[in-house]
Every structure is written in C-alpha cells, then in structure tokens.
Amino acid sequence: MTQFYGKTKVCCGRNALDALERLSAGKAVLVTDPFMATSGFADRIKSRLDRAGMGCTVFDRVEPEPSLETVIAGVRLLLAEGADLVVALGGGSAIDAAKAMAFFAHKAGGTRPLLAAVPTTAGTGSEVTAFSVITDKAHGLKIPLNDEALIPDVAFLDARFTRTLPPHVTAATGLDVLTHAIEAYTSLQANAFTDIHAEKAIRYVFRYLPRAFACADDMEARERMLLGSCMAGMAFNNSGLGLTHGIAHSLGALFHIPHGLANSVLLPHVIRFNGFDAGVKYREIAAMLSLQASGVEEAVTYLIEAVRGLSASLGLADRISGLKVEEGAFRARLDQMAGNALEDFCTTGNPCRPSKSDIRAILERAW
C-alpha cells in the first residue's frame with residue numbers, strides 16, 4: 001500500500017512567526033539551547049507569546065545530541081508547569097528534544113501539548129517528521145523514536161534564523177538534507193508522492209548549498225535550503241531512510257561525530273553498495289543533476305563523484321579518519337557499530353538488505 005501523510009501546518013517566510021500569536025494556548029515552554037537563549041533569538045519567540053497573552057518558561061539546557069537526562073528534565077518541567085504549548089527553537093537537537101519531552105509528558109499522564117517548531121538550521125527536517133533521536137550516553141547508543149504523536153502541529157520557516165550559522169555547520173547540515181532526500185528517493189517504501197519532495201530537495205541542495213556556504217547573507221539560497229530540508233523531511237517521514245543513517249547513528253553516538261558529517265562520509269559508500277539494487281533510481285537522480293551517463297553503472301559512478309565533489313567543495317572530510325576518530329578505538333568498535341546499524345530501524349528501508357559483514361566492509365572502506 002502507498003500512503004503519504006502530512007500533519008504539520010508549515011508557515012514560511014519573513015512573517016511566518018505571526019501565526020505563532022494565533023495559537024490557542026495558555027502556558028508555553030520554549031525548548032532551546034544556551035546559544036539561542038543568549039543570542040536574542042529566544043526573545044523573538046517570547047515577545048510574540050507575551051503579545052498573545054501566553055506565559056512562557058524557557059528550558060535552555062538542550063545539548064548537541066540531546067541525552068536521556070535532558071529529556072527527563074524537560075518532561076518534569078512540562079508536567080510541573082502544566083504547559084499546553086511546547087515551542088522548539090533550534091536545530092535538530094532542540095526540536096528532537098522538544099518532541100520527545102512532549103511525547104513522554106503525555107505518556108506520563110499529562111495532556112498532549114500543542115507542538116510547534118522553529119528550525120534554525122537547514123538540515124534535519126525534524127519540524128515535520130514523526131522521528132526523534134535521543135542519545136543514551138551511558139551506553140553509547142542513539143535511540144530513534146518513531147510515533148505519529150511526535151509530529152509537530154506547526155512549523156515556522158524563517159531563513160533569517162539560519163543566517164548566523166558558521167559555514168561548516170551550513171555544510172554539514174546541508175549534506176544531511178541531501179542524504180535524507182537520496183535515501184527517501186531510493187527507499188523500499190518510496191512512492192510517487194515522496195519522490196516529488198525528495199527530487200526537489202536534491203535539486204535545491206546541489207544548486208543552493210554552495211551559495212549558502214559561501215555567503216551567509218544570500219537569503220535566497222538560505223530560504224531554498226530551509227524549504228529543501230523541510231521537503232526532504234516530508235519525504236522520509238513517509239518513505240523511511242536507509243543504511244547511511246543506520247550506520248551514521250551508531251558512528252555518531254560512539255564517537256560524537258555530528259550527524260551531517262557522518263552522513264557525508266558514508267553516503268558515497270552506501271550508494272556504491274546499493275548500486276545493483278537501486279541503480280535505476282540513482283540513474284534518475286543523476287539525470288536530475290544533468291549527469292550524462294551511458295548506463296546504470298556509469299550513472300552510479302557519476303552520482304558518487306558528484307556527492308564527493310560537493311562535499312569537497314564545502315571543505316568536508318571524505319573519510320572517517322578525517323573526523324578526529326582514533327583508529328584503534330574505531331576498529332575495536334567495528335562489530336558493535338555493524339550490529340547496531342543492522343538493528344537500526346532506518347536500515348529496514350535500504351534497497352539492498354545488508355549483512356553484518358557488509359556493514360563492517362562499508363565502515364572499513366569509509367575509514
């Protein structure tokens with residue numbers, strides 16, 4: 001059966017936050033990170049909530065790769081405050097944390113609060129998805145959550161919030177968008193509706209990411225990347241992802257590698273691994289990018305070269321050894337990473353079913 005489900009109301013552009021004042025709520029909790037809380041960005045959200053007569057408490061303890069401990073603290077705050085609105089402000093970490101907090105607060109007996117997201121990076125697409133990734137730091141595991149209750153009710157896309165991103169963060173989050181879109185397009189659950197969104201996101205990344213990377217004030221590029229991130233999120237929320245994400249979750253959790261960087265390094269190797277089973281889909285992507293190939297195998301090669309060329313132009317590492325990972329520790333964890341990736345729910349969407357030894361081989365080639 002084919003299906004496409006879109007729950008989130010998406011408000012775009014310079015006046016997008018005006019809709020925040022029209023939400024029906026009495027008490028809000030703003031979930032964000034320390035930088036957003038001190039940079040003035042959080043104040044822009046608070047002032048609008050104040051104008052709407054909503055009380056607001058700020059939870060600004062979200063760290064990169066939000067931990068179970070952070071989520072638990074947030075759940076306690078939501079229950080204590082009796083919040084009926086949760087506003088997530090930040091990148092994927094803040095949005096994932098807020099989604100998990102609202103979800104578990106409801107499970108703990110509270111009412112399910114209205115959930116709003118204001119992304120400040122063009123990367124995860126978390127503002128429209130049923131996924132949240134939380135890190136169990138004690139065991140070196142990333143815990144992917146998947147439930148329709150995690151999907152935000154409304155997302156506010158204002159590219160001005162992404163303008164202060166350093167170039168290397170713009171690059172890494174942009175490669176996350178590309179990985180989402182390519183894996184959504186080639187997933188076993190892909191369909192015509194997810195393909196439309198994934199294709200647009202792929203085109204946007206190759207056209208606009210280099211511009212956003214080169215100039216923070218190129219607002220056309222930043223707006224397109226934010227839209228591309230959202231569209232890629234809509235695609236994979238319905239189609240699922242693939243092996244790149246399955247491996248990246250384990251690699252990132254064990255070695256504290258930002259998710260976009262892990263995806264960037266792994267994606268070319270997974271494309272090669274999937275080439276036999278997903279070659280026709282990769283040829284379609286190559287054609288989107290005007291890569292003229294004589295056949296499927298050549299198209300796969302050209303696509304890999306295009307992905308690597310884009311990453312190189314953005315100054316991103318092309319191998320795991322370039323991500324400040326110690327080789328002995330990496331090799332000692334190969335079996336663990338391969339096992340984790342095999343069990344990761346993202347891997348189930350991969351067009352070629354891998355074995356544990358397949359994943360080990362991909363990791364060794366990516367080293």
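Guide: The radius of gyration is taken here over C-alpha atoms, and the rule for a globule is 2.2 Å times the number of residues to the power 0.38. This is a predicted model, in which local features need pLDDT of at least 70 and side-chain atom pairs count only at pLDDT 80 or more, while totals for chains, interfaces and linings use all residues. Residues are numbered from 1 along each chain as its sequence is written, and side-chain values use heavy atoms, with hydrogens and water left out.

Visitor: What radius of gyration does the protein have, and what would a compact globule have?

Guide: Along its principal axes, the C-alpha trace spans about 60 × 40 × 40 Å. Because the protein has 367 residues, a compact globule would have a radius of gyration near 21 Å, and this agrees with the protein's value of 20 Å.

Visitor: How many helices and strands does the protein have?

Guide: Helices (H or I, at least four residues) and strands (E, at least two) are DSSP runs, numbered from the N terminus. Counted in that way, the secondary structure comes to 13 helices and 8 strands.

Visitor: What percentage of the residues count as buried?

Guide: Buried means under 20% relative accessible area, exposed means over 50%, and partly exposed lies in between, with a 1.4 Å probe and protein chains only. Of the 367 residues of the protein, the share that counts as buried is 57%.

Visitor: Which residues have the most contacts inside the largest nonpolar core?

Guide: A nonpolar core is a set of buried Ala, Val, Leu, Ile, Met, Phe, Trp, Tyr and Cys residues joined through side-chain atoms within 4.5 Å. The largest one has 49 residues, and the elements that give two or more residues to this core are helix 5 (167-186), helix 6 (192-214), helix 7 (219-239), helix 9 (259-288) and helix 10 (296-313). Those with the most contacts inside this core are Leu178, Ile202 and Ile285.

Visitor: Which residues does Leu178 touch, not counting residues up to four places away in sequence?

Guide: Contact means heavy atoms within 4.5 Å. With residues up to four places away in sequence not counted, Leu178 touches Ile202, Val205, Phe206, Leu267, Val307 and Leu310.

Visitor: Is Thr129 buried or exposed?

Guide: Thr129 lies in the loop between strand 5 (114-119) and strand 6 (131-136). Not counting residues up to four places away in sequence, Thr129 touches Lys99, Leu150, Ile151, Pro152, Gly233, Phe236 and Asn237. With a relative accessible area of 1%, Thr129 is buried.

Visitor: What is the relative accessible area of Asp358?

Guide: Asp358 lies in helix 13 (residues 356-366), and, not counting residues up to four places away in sequence, Asp358 touches Phe273 and Arg353. Asp358 is partly exposed, its relative accessible area being 25%.

Visitor: What is the phi of His256, which is not a glycine?

Guide: Most residues other than glycine have a negative phi, and most peptide bonds are trans. The place of His256 is in the loop between helix 8 (243-255) and helix 9, where His256 is exposed with a relative accessible area of 58%. Although His256 is not a glycine, its phi is positive, at about 55 degrees.

Visitor: Where is the place of Ser290?

Guide: Ser290 is a residue other than glycine with a positive phi, near 60 degrees, and Ser290 is exposed, with a relative accessible area of 55%. The place of Ser290 is in the loop between helix 9 and helix 10.
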